[in-house]
Amino acid sequence: MKRRLLAIALMLLMCTQVTHALEPVDYNSPAEEQRFKALTAELRCVMCQNQSIADSNAPIAHDLRAEVLRLMREGKSNDEIKRYLVERYTEFVLYEPPMHGGNWLLWAGPFLLLLGGGFWVARVIRNKSGAAKTAVVETDQEW
Amino acid sequence: MIQRLLPLALFVGLAVLLFVGVRMNSGKDTSAIPSPLIGKPAPALALPVLPMPETRLAPADLGGKAYVLNVWGSWCVSCRIEHPVITELSGSGVLVVGYNYKDPAEDATAWLQKFGNPYALVIQDLDGQAALDWGIYGAPETFVIDAQGIVRYKHIGPLTREIIAADILPALKGAQ
């Protein structure tokens, strides 16, 4: 039993090691580290599209992290870095697509649905309460 | 009556939406990202040439010629699968340039010697830095570049005879 627990504990330890297997980065300052981490978390890995390039172990994510850091150190702004990546890999790389073209539907869609649903629910409730009142009147008459 | 049919209508609407969505994506590699380079000038091929006896060209000679750029690596399993198709394409007289991606020269040379070299020219991108300008994110990937140096077409994943007939050859025809 003890042995098994130990084995499980060791396996769990290995799991945490795997998730931190990304290459170490020598940051110049804590501010740089913070900006780098925030920026790479906003960029989507092109190979494994359910991960950001901050999380991914794919070789291309490694290359893109290095490129982002290089551009940051060249003094490029976050927007410039994003534009650089969009020019090469399209808006796929952005977790927050910019609001133009058909993208407004992505942004406004949920609110439009919520609004429509709200109206519908309000109408149903109003109709139902109206129907209930008439029903009460009818039973009154029967008595 | 209309009130009663509303849920059914909503359901049918959703079902149609789902069906269209599935149909639009079936048979398509949904992980493939369209290239933003289509219709734009191809990035420079300022990369070292892998020395092979079959090499017939230098990167500078590609100006004014339409060609197919095939990204591959000896580490890439799908490239091995794609290899006979690339050999056929190159054998049919199409100018095929190999883009050797993240591959040590010895491995690349050994791979080409073992399976045959279909490329008129192989350029080497060892660290994958230049690949970023092409929007390359894996192998195999294939581009068609026209005589004016404009990217006409990109395919992600292994080429098949069907893709060559349906997309590559028409793109090349328009590219001369």
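## The S4–S5 hairpin of chain B

S4(B) and S5(B) form a hairpin with five residues between them, and Gly149(B) in the turn has a positive phi of about 80°. Strands here are DSSP runs (E, at least two residues), numbered from the N terminus. The two strands run antiparallel and are joined by five bridges; strands pair if DSSP finds at least two bridges between them. Thr142(B) has His155(B) in S5(B) as its bridge partner.

This is a predicted model, in which local features need pLDDT of at least 70 and side-chain atom pairs count only at pLDDT 80 or more, while totals for chains, interfaces and linings use all residues. Residues are numbered from 1 along each chain as its sequence is written, and chains are lettered from A in the order in which they are written.

Five of the five residues of S4(B) (residues 141–145) are buried, so the strand is largely enclosed by the rest of the structure. A buried residue has 20 or more other C-beta atoms within 10 Å of its own, with C-beta atoms placed from the backbone. Glu141(B), Phe143(B) and Ile145(B) point one way from S4(B), and Thr142(B) and Val144(B) the other way.

S4(B) is also joined to S1(B) by five bridges, and these strands run antiparallel. Glu141(B) in S4(B) stands opposite Val71(B).

## The nonpolar core

The largest nonpolar core has 51 residues, of which Tyr67(B), Val68(B), Val96(B), Val97(B) and Ile145(B) touch the most other members. S1(B) (residues 67–72) gives the most to this core, with five residues. Such a core is a set of buried Ala, Val, Leu, Ile, Met, Phe, Trp, Tyr and Cys residues joined through C-beta atoms within 7 Å.

Definitions and conventions. Buried ≥ 20, exposed ≤ 12 C-beta atoms within 10 Å, placed from the backbone. Helix = DSSP H or I, 4+ residues; strand = E, 2+ residues; numbered from the N terminus.
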